[in-house]
Structure formats: C-alpha cells, structure tokens
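User: Please take a close look at one helix pair in this model. How do the two helices pack, and which residues make the contact?

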Amino acid sequence: MNIFRGTKAFFTLGVITASTASGLTAQADIANWSFYKGAAFVKSSHSRDQGGMVGVFDVEVRRTMTAMDQKDMICDYQAQVRMTLPNGHAYTDNSPVHNGCNQRAVPAWFRFREYGTRSNHDAYPPGSVFEGSWRDNFTGGEFKKIGEQTL
Amino acid sequence: MKRLLAFAVGVGATIALRGLAPESARDPLPDRAAVRDSIRHLGQSARPAQRHAFADGRIDAPEYRNAVFGRIECLRSRGGSDIEILGPAPLAGGRLLTWHYRTAGDGAEASELDRACATELSDSIERGWRLAIVPQGQARRQEVARLTTCLRQAGVPLRKSDVRSVLIGAANAELPVGACVDEHAVLFNL
C-alpha cells in the first residue's frame with residue numbers, strides 16, 4: 001500500500017465489468033482507493049438496452065476512511081453524480097447536503113434511487129460520460145471527482 | 001525453540017486481548033448517554049428557527065418530518081424551476097426520509113442553496129432525529145443481525161458480525177448493496 005502514500009493526485013480508477021449469464025447486464029464500478037485519506041466508490045449497473053442505448057441503474061456512492069484514519073470522522077458531506085450526453089447536455093444529481101459528522105469508522109453513503117433498478121430505469125446514448133464526485137471536510141468542502149466512465 | 005515459544009505466546013496474547021477488547025472498539029455507534037449529550041448540545045447550538053424542536057429535550061418524528069419538508073420547500077422556492085426535487089421517500093421502514101435533486105449543468109448553485117436551507121431550517125433537527133433513532137442494546141443487535149443477513153443474502157462475505165466489521169464490510173462490498181443499507185440506514189447515520 002506504500003505506493004499510494006504521498007501521491008495525493010494519484011488514484012486508481014477500477015472498472016470492474018462482470019457480465020451476467022445473459023450477457024446483457026454488467027456491474028460497472030468506479031473505485032478510487034486513494035481519495036482524500038480514504039476511498040470513494042461509485043457503484044452502478046449497466047445494461048445494453050434497445051437501440052444500442054445503455055441503461056444505468058442501482059447507482060450508489062460510498063465514502064470510507066482508510067483503516068489508519070478511521071479515527072477521523074466524515075463531516076459536512078455530499079455526493080454527486082453527473083451524466084453528460086454526447087451532445088454536451090449534462091444532468092447533475094446531488095444528494096442533500098449532510099451537515100454534521102458521521103460516527104468514527106462509519107461510512108457515508110448515498111443511493112440515487114431515481115436512477116432506478118434493473119426492471120425500471122432510463123437509458124442513455126453510447127458515448128455518454130457518467131461521473132461521480134464527493135465533498136466533505138477532507139476535500140476542503142469542494143467537490144472532487146471520484147472518477148468517470150464512458151458508456 | 002525459545003523464539004518459537006515466544007512467538008506462540010505473543011500470538012496467543014494478541015488473540016486473547018482482541019477477544020477482550022471493549023465493545024466500543026467494535027461498535028462505533030453512540031450509546032444512550034452519548035445520544036442524550038449530543039442532542040442537548042445540538043439544542044444549545046441550533047439556529048433560532050430550529051430551537052423550538054429541542055424545547056422538550058428530544059426530537060420526535062413529526063418535528064423531523066416538518067424540518068425535512070421545510071428544507072425541501074425552501075430549496076424549491078429559492079431554486080425555482082431550475083431544480084428538480086426527487087422525493088422525499090421513506091428509508092429504513094419510514095424512520096428516515098431520503099431525497100435528492102437534479103439540475104442542468106454543474107449544480108453548484110443548487111448545492112449552496114441546499115446548504116443554506118439546511119443550516120437555517122433543519123440540520124440540527126435532522127441530526128438530533130438520526131441520533132435519537134440509533135437503536136440501543138438488544139434493538140441494535142437485532143438491527144445489525146438483520147443487516148448482516150441482508151448483506152450475506154446479497155452475496156457479501158462477512159467474516160465477523162460486530163457492528164464495525166459489518167458497516168465496513170458493507171462499504172467495501174463489491175456488489176451493489178444500497179437496498180440493504182437503505183433498509184438499515186439508522187446504523188449508517190445517513
């Protein structure tokens with residue numbers, strides 16, 4: 001884990017694609033393991049829908065502190081996801097601002113329910129960019145990008 | 001041989017000490033006394049528009065709901081048609097409310113409006129309610145057990161079942177487990 005130490009700008013963007021048996025649905029995760037003294041994840045599932053459109057659903061954002069920093073509390077936080085269509089139009093979804101702190105070692109979490117589920121969700125054109133951001137006391141109150149992926 | 005024996009003793013002592021570790025080390029959630037103290041402190045530091053809810057030393061469900069609805073209405077009235085508010089919807093069997101908002105562009109202005117509305121109208125009350133409904137004692141053990149079951153049924157391997165391990169296990173799960181977390185959101189202090 002020393003490779004992460006002292007490299008604040010460094011992050012790992014892991015895209016894990018695990019096709020289901022049908023081959024139509026995949027879990028596509030953005031994992032940033034060195035996000036401001038901890039880690040942050042954008043979880044989502046994608047499906048290849050009719051007309052080549054890409055369905056996006058089961059969207060959630062998680063924030064944890066690393067084991068050595070779990071004495072620190074996550075405070076004044078907010079999750080954000082953004083979908084930018086190929087024509088440049090963007091939709092930004094924000095969780096409510098959470099003023100105050102979680103208990104030590106308790107992760108912060110937000111699920112964007114309106115992105116829906118496998119059986120009921122919207123679809124977006126291929127080439128759309130899906131990204132997640134997070135802000136809290138460790139980011140100086142500013143949104144910082146967790147990562148992004150192109151559909 | 002002596003070194004091997006010393007090593008074995010060291011391992012044994014470590015395991016024994018871990019077994020005797022205080023419950024608080026494995027359970028980061030506040031106990032009744034901490035909840036009571038925190039709510040009292042929140043009441044003392046709350047903005048004027050929120051103080052009335054703390055007058056009896058506790059926050060109840062209608063006060064929480066009124067505060068959340070007031071916050072949402074504040075955002076709606078100040079943000080106008082540029083902000084699409086989605087929700088509120090029940091979480092954790094109706095013990096909590098969740099909602100979010102959608103904007104075109106980067107949403108920065110909406111976030112600042114939301115922060116201002118929360119600070120003015122609801123954040124201390126919301127915090128007080130979330131603390132008040134953190135399960136205590138046997139109720140906590142049952143809530144954690146149900147969360148553990150939900151996570152395991154979702155395919156998350158959990159080796160330990162203490163509160164800290166389950167919460168961190170959920171956060172590190174590779175699979176989407178938001179439905180489990182929503183159902184037991186009172187443990188995550190969301």
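Analyst: What follows covers the chain as a whole, then the pair.

This is a predicted model. Chain B has 190 residues, and 44% of them count as buried. Its secondary structure comes to 10 helices and two strands. Along the sequence the order is α-α-α-α-α-β-β-α-α-α-α-α. Among contacts in chain B with a separation of 6 or more, 62% join residues 24 or more positions apart. Chain B exposes about 10,000 Å², with carbon and sulfur atoms supplying 56% of that area.

Now the pair. Two packed helices are described by the angle between their axes and by the distance between the axes. Here the partners are helix α5 of chain B, residues 61–79, and helix α7 of chain B, residues 123–132. Their axes come within 9 Å and cross at roughly 140°. That angle makes α5(B) oblique to α7(B), because only angles over 145 degrees count as roughly antiparallel. The crossing of α5(B) past α7(B) is left-handed.

Next, the residues. From α5(B), the contact is made by Ala61(B), Glu63(B), Tyr64(B), Ala67(B), Val68(B) and Arg71(B). From α7(B), Ile125(B), Glu126(B) and Trp129(B) take part. By class, this contact has six nonpolar and three charged residues.

In short, α5(B) and α7(B) pack obliquely, in a left-handed crossing.

Notes
Residues numbered from 1 in each chain as written. Chains lettered and ligands numbered in written order. Predicted model: local features only at pLDDT ≥ 70, side-chain atom pairs only at ≥ 80, totals over all residues. Heavy atoms only, no water. Axes fitted to C-alpha atoms, helices over the stretch in contact; angles between N-to-C directions. Helix = DSSP H or I, 4+ residues; strand = E, 2+ residues; numbered from the N terminus. Parallel < 35°, antiparallel > 145°, perpendicular 65-115°, else oblique. Left-handed = near helix turned anticlockwise from the far one by under 90°. Contact = heavy atoms within 4.5 Å. Nonpolar A, V, L, I, M, F, W, Y, C, P; charged D, E, K, R; others polar. Buried < 20%, exposed > 50% of the residue type's maximum accessible area, 1.4 Å probe, protein only. Areas by Shrake-Rupley, 256 points an atom, 1.4 Å probe, with all protein chains shown as cover.
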